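This report looks at the packing inside one protein chain. Please have the sequence and the structure in view while reading.

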Amino acid sequence: MDLLSAYRTSLDGFTRRVGEVGPESWAAPTPCPDWNVNELVNHLVGEDRWTPPMFGGATIADVGDRFEGDLLGDDPHTAAVDAAWEARQAVEAPGALDRTVFLSFGETPAAEYLHQLTADHLVHTWDLAAAAGLDRRLDPDAVAFVAAWFGDREQQYRRAGVIGPAVAVPADAGPQDRLIAAFGRDPAWTPPA
């Protein structure tokens with residue numbers, strides 16, 4: 001699996017799960033302690049809205065606060081699908097992955113940023129599924145792709161406070177559980193009673 005395939009797979013998995021969220025689940029807690037389901041989905045829709053300007057050469061200051069607040073409206077699934085489609089068009093544009101993007105922590109190769117977006121979508125798809133009682137299984141090729149990339153970055157992410165402490169898993173844990181645990185989630189997480 002190459003980077004663009006992994007990205008597409010992560011986007012598709014996320015938008016599909018958003019379409020499966022029942023009305024009773026939007027306020028449910030997620031494995032991300034600061035976000036409920038609505039806030040988690042809004043975060044990723046915001047990330048997807050940021051992607052076109054970032055890949056187009058904009059800076060954080062250029063974008064400003066235009067993607068703050070509620071981005072879901074009355075139809076979160078359509079909002080997620082539309083934002084994902086626009087993001088995908090931006091990253092698949094000729095030469096897009098050869099560019100530099102200007103992130104809050106500095107200039108970053110666009111391909112590295114796309115790895116980050118891929119991982120974020122994949123892991124948050126699991127968060128969404130766990131919170132809303134949906135199928136938690138992630139695409140195994142995308143899991144392997146993200147795990148191979150993340151292995152060299154895990155401690156850097158942890159030091160930056162982007163992820164929590166790794167969660168211990170049994171020796172026979174599968175690749176998905178290992179990846180989820182490396183990102184600071186308990187693969188056995190269930191919503192609080």
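Is Y157 buried or exposed? The model is predicted. Y157 has a relative accessibility of 16%, and the limit for a buried residue is under 20%, so Y157 counts as buried.

## Aromatic pairs

The model holds six aromatic pairs. One of them joins F150 and Y157 in an edge-to-face arrangement, with 5.3 Å centre to centre and 90° between the planes. An angle over 60 degrees is what counts as edge-to-face.

F150 counts as buried because its relative accessibility is 2%. Both F150 and Y157 belong to one aromatic cluster, together with W149 and F183.

## The largest nonpolar core

The largest nonpolar core is made of 60 residues. Those with the most contacts inside this core are F14, V37, V41, F55, L128 and F183. Two or more residues each come from α1 (3–20), α2 (37–55), α4 (76–91), β1 (100–103), α5 (110–132), α6 (140–150) and α8 (175–182). Helix α5 gives the largest share, 13 residues.

Leaving aside residues up to four places away in sequence, V41 touches F14, V18, W26, L72 and L128.

## T15 in helix α1

T15 is part of helix α1. Its relative accessibility is 11%, so T15 counts as buried.

Which residues does T15 touch, not counting those up to four places away in sequence? They are H77, A80, V81 and A84.

Technical notes. Residues are numbered from 1 along each chain as its sequence is written. This is a predicted model: local features need pLDDT of at least 70, side-chain atom pairs count only at pLDDT 80 or more; totals for chains, interfaces and linings use all residues. Side-chain values use heavy atoms; hydrogens and water are left out. Rings of Phe, Tyr and Trp (its six-membered ring) pair if their centres lie within 6.5 Å; planes under 30 degrees apart count as stacked, over 60 as edge-to-face and the rest as tilted. Buried means under 20% relative accessible area, exposed over 50%, partly exposed in between (1.4 Å probe, protein chains only). A nonpolar core is a set of buried Ala, Val, Leu, Ile, Met, Phe, Trp, Tyr and Cys residues joined through side-chain atoms within 4.5 Å. Helices (H or I, at least four residues) and strands (E, at least two) are DSSP runs, numbered from the N terminus. Contact means heavy atoms within 4.5 Å.
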